[in-house]
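I am opening a notebook on a structure that is new to me. The entries below record what I looked up, in the order I looked.

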Amino acid sequence: GLFKAPAKYAPHVNLPAARARANEVLTNLVQGGLMTEGEVIETRRHPASVVDRNTQEAPDFFLDWAYEEVLKLARQKNFADHTLVVRTTIDMNLQHAAEQAVESGLRQYGETYRVKQGALVMIENGGAVRAMVGGRAYRENQFNRATKALRQPGSSFKIYTYSLAM
């Protein structure tokens, strides 16, 4: 399905061209024997629509991390010939609160500490990740500071060490 000038066929730029290209790809799948015409008929009747990501909130840092974790698992277990169903542990209410907390903290203390970004991970006692914020704005920078920034946790772990000791 690759073609020259992908921006020309981008759905948000030229929806008719994008749908025509999608139909061409579906035809190629049928001709290549990978799908039957019956399997693609529903897709032809109900083509994909453009999603405006600017108005839609999604836990993108969490989803990127979860996707990478699933890829690791799939490679280890060799799921190449199988369907894998993934259920995440995210709690969207906590996710929203985490995003607000990071933004509020950066607005309130960012200049004082000369910090422009922040990260936050909420983990249940059992290890389930309930919320993850990897930075201030995913649209501006997709680098996940919660999982990829190799920084020392510093004094933030003292409370756990001291509580265990007591």
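**Entry 1: helix α1**

I began with the buried residues of α1 and found that they pack against α2 (37–45). Contact here means heavy atoms within 4.5 Å. Helices (H or I, at least four residues) and strands (E, at least two) are DSSP runs, numbered from the N terminus. The model is a predicted one: local features need pLDDT of at least 70, side-chain atom pairs count only at pLDDT 80 or more, and totals for chains, interfaces and linings use all residues. Residues are numbered from 1 along each chain as its sequence is written, and side-chain values use heavy atoms, with hydrogens and water left out.

Which residues of α1 are buried? I listed A17, A18, R21 and L26. Buried means under 20% relative accessible area, exposed over 50%, and partly exposed in between (1.4 Å probe, protein chains only).

I then checked the length of α1, residues 15–31. Its 17 residues at 1.5 Å a residue should span 24 Å, and the end C-alpha atoms are 24 Å apart, so the two agree. The expected span is 1.5 Å times one less than the number of residues.

At the N-terminal end of α1, I found N14 as the cap, with a side-chain oxygen 3.2 Å from the backbone nitrogen of A17. After α1 comes G33, and its phi is positive, near 80°.

**Entry 2: salt bridges**

How many salt bridges does the structure hold? I noted seven. A salt bridge is a side-chain nitrogen of Lys or Arg within 4 Å of a carboxyl oxygen of Asp or Glu.

One of them joins R44 and E37, with the closest N and O atoms 3.2 Å apart. R44 is partly exposed, at a relative accessible area of 26%, and E37 is partly exposed at 37%.

Another is between the side chains of K148 and E68, at 3.0 Å from N to O. K148 lies in helix α5 (residues 145–148) and E68 in helix α3, so this pair ties together parts that are 80 residues apart in sequence. I have K148 as partly exposed at 37% relative accessibility and E68 as partly exposed at 32%.

I also looked up R136 and E103, whose closest N and O atoms are 3.0 Å apart in a salt bridge. R136 lies in the loop between β2 (129–133) and α5, and E103 in helix α4 (residues 92–109), so the pair ties together parts that are 33 residues apart in sequence. R136 is partly exposed at 35%, and E103 is partly exposed at 22%. E103, R107 and R136 are linked in a network of salt bridges.

**Entry 3: a surface patch**

Which residues make the nonpolar surface patch of about 210 Å²? I wrote down L73, L84 and V86. Patches are made of residues with over 30% relative accessible area and no salt bridge; like charges are joined within 9 Å, nonpolar side chains (Val, Leu, Ile, Met, Phe, Trp, Tyr) within 5 Å. L73 is in helix α3 (residues 60–77), and at 37% relative accessibility it counts as partly exposed.

**Entry 4: the whole protein**

I counted six helices and two strands. From the N terminus on, they run α-α-α-α-β-β-α-α. Of the 166 residues, 16% are buried. The protein exposes about 13100 Å², and carbon and sulfur atoms supply 54% of that. Accessible areas come from the Shrake-Rupley method with a 1.4 Å probe; for residues, only the protein chains shown count as cover.

Conventions: Polar contact = N/O pair within 3.5 Å; in protein donor to acceptor, adjacent residues only side chain to side chain.
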